[in-house]
Amino acid sequence: YRHVWLTFAAPVHVAHWGTYVATTNLVGSNATIVVQTDVTNQSLQAMTGSLTSTIRDANNVAVTNLTVPINIAAGAHLVVTQTVTMAANLWSLQTPYLYNLVSTVSNQNAVADIYNTSFGVRMVSWDGVNGVFINGRHVEIQGMCNHQDHAGCGTAMPDRGQYYRIERLKQMGVNACRTSHNPPTPAFLDACDRLGMLVLDETR
């Protein structure tokens, strides 16, 4: 009842789910972004090349571009950490602005792999006394639990159904969803990112 993908990649490529993007500091709209990229070499020889991390805004305009040389032994992984400070449009529940990280792995002759990662720039903090803050603003959690099935279509929900659910929940005033009790579909998490919904992502 879930999508199945067959992913074809060159021997040297960004590992599956191999990118991590974090906002580590935020002053006004100036954000420090840390990008970690796991590049794997499944070939039988060492690879010398480069990793380029390009951040594109919602209009697909390149905001920043970082390139570093990489050398990976045969059969090895290399985790590359890059840091950039940029003036950002912040992600919030009201304005869920998203950027796209384009990770390009190149060998000495050509591009070997291109990997896309959607992300929002935001700082989330919480404590037992004052509650939850997003980008320094207090947020009162109005949450719901939702199973993965949906009335009328059961467990094999179409992707549009995931967006429909989040749209209706937001209209009700919900701003956080607990995925009880299964790992959610990528389409569900994408809908939450794009429509402005916090998620308690359960696995069991």
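**Cysteines, strands and cores, by their cut-offs**

Visitor: What makes the sulfur of Cys-192 too far from that of Cys-177 for a bond?

Guide: The closest cysteine sulfur to that of Cys-192 is in Cys-177, 6.0 Å away. A disulfide is a pair of cysteine sulfur atoms within 2.5 Å, so 6.0 Å is too far for a bond. Do keep in mind that this is a predicted model, in which local features need pLDDT of at least 70 and side-chain atom pairs count only at pLDDT 80 or more, while totals for chains, interfaces and linings use all residues. Residues are numbered from 1 along each chain as its sequence is written, and side-chain values use heavy atoms, leaving out hydrogens and water.

Visitor: How many disulfides does a search of the whole structure find?

Guide: The search finds 0 disulfides. Cys-145 is in none, and the nearest cysteine sulfur to its own, that of Cys-177, lies 7.5 Å away.

Visitor: How do you know that the span of helix α1 is close to the expected one?

Guide: Helices here are DSSP runs of H or I with at least four residues, strands are runs of E with at least two, and both are numbered from the N terminus. Helix α1 covers residues 159–171, which makes 13 residues. The expected span is 1.5 Å times one less than the number of residues. Among the buried residues of α1 are Tyr-163, Ile-166 and Leu-169, and their cover includes β11 (143–145) and α2 (186–195).

Visitor: What makes β3 and β4 a pair?

Guide: Two strands pair if DSSP finds at least two bridges between them. Strand β3 (residues 47–56) and β4 have 10 bridges, in the antiparallel sense, so they qualify. Arg-56 stands opposite Ala-62 in β4. Likewise, 8 bridges join β6 (residues 99–107) to the antiparallel β7, and a hairpin of 3 residues connects those two.

Visitor: Why do β4 and β7 stand at the edges?

Guide: The open sheet has 4 strands in the order β4-β3-β6-β7, with antiparallel pairing. β4 (62–72) and β7 (111–119) each have a single partner strand, so one side of each is left without a neighbour in the sheet.

Visitor: Which residues make up the largest nonpolar core?

Guide: A nonpolar core is a set of buried Ala, Val, Leu, Ile, Met, Phe, Trp, Tyr and Cys residues joined through side-chain atoms within 4.5 Å. The largest has 12 residues: Leu-26, Ala-31, Ile-33, Val-35, Ile-55, Val-84, Met-86, Ala-88, Tyr-99, Leu-101, Phe-119 and Val-121. Strand β2 gives the most to this core, with 3 residues.

Visitor: What is Pro-11 in contact with, leaving aside its neighbours within four places in sequence?

Guide: Contact means heavy atoms within 4.5 Å. Beyond those neighbours, Pro-11 is in contact with Thr-40, Asn-41, Gln-42 and Ser-43. Pro-11 and Thr-40 are 29 residues apart in sequence and 7.9 Å apart in space, C-alpha to C-alpha. With 45% relative accessibility, Pro-11 is partly exposed.

Key: Buried means under 20% relative accessible area, exposed over 50%, partly exposed in between (1.4 Å probe, protein chains only).
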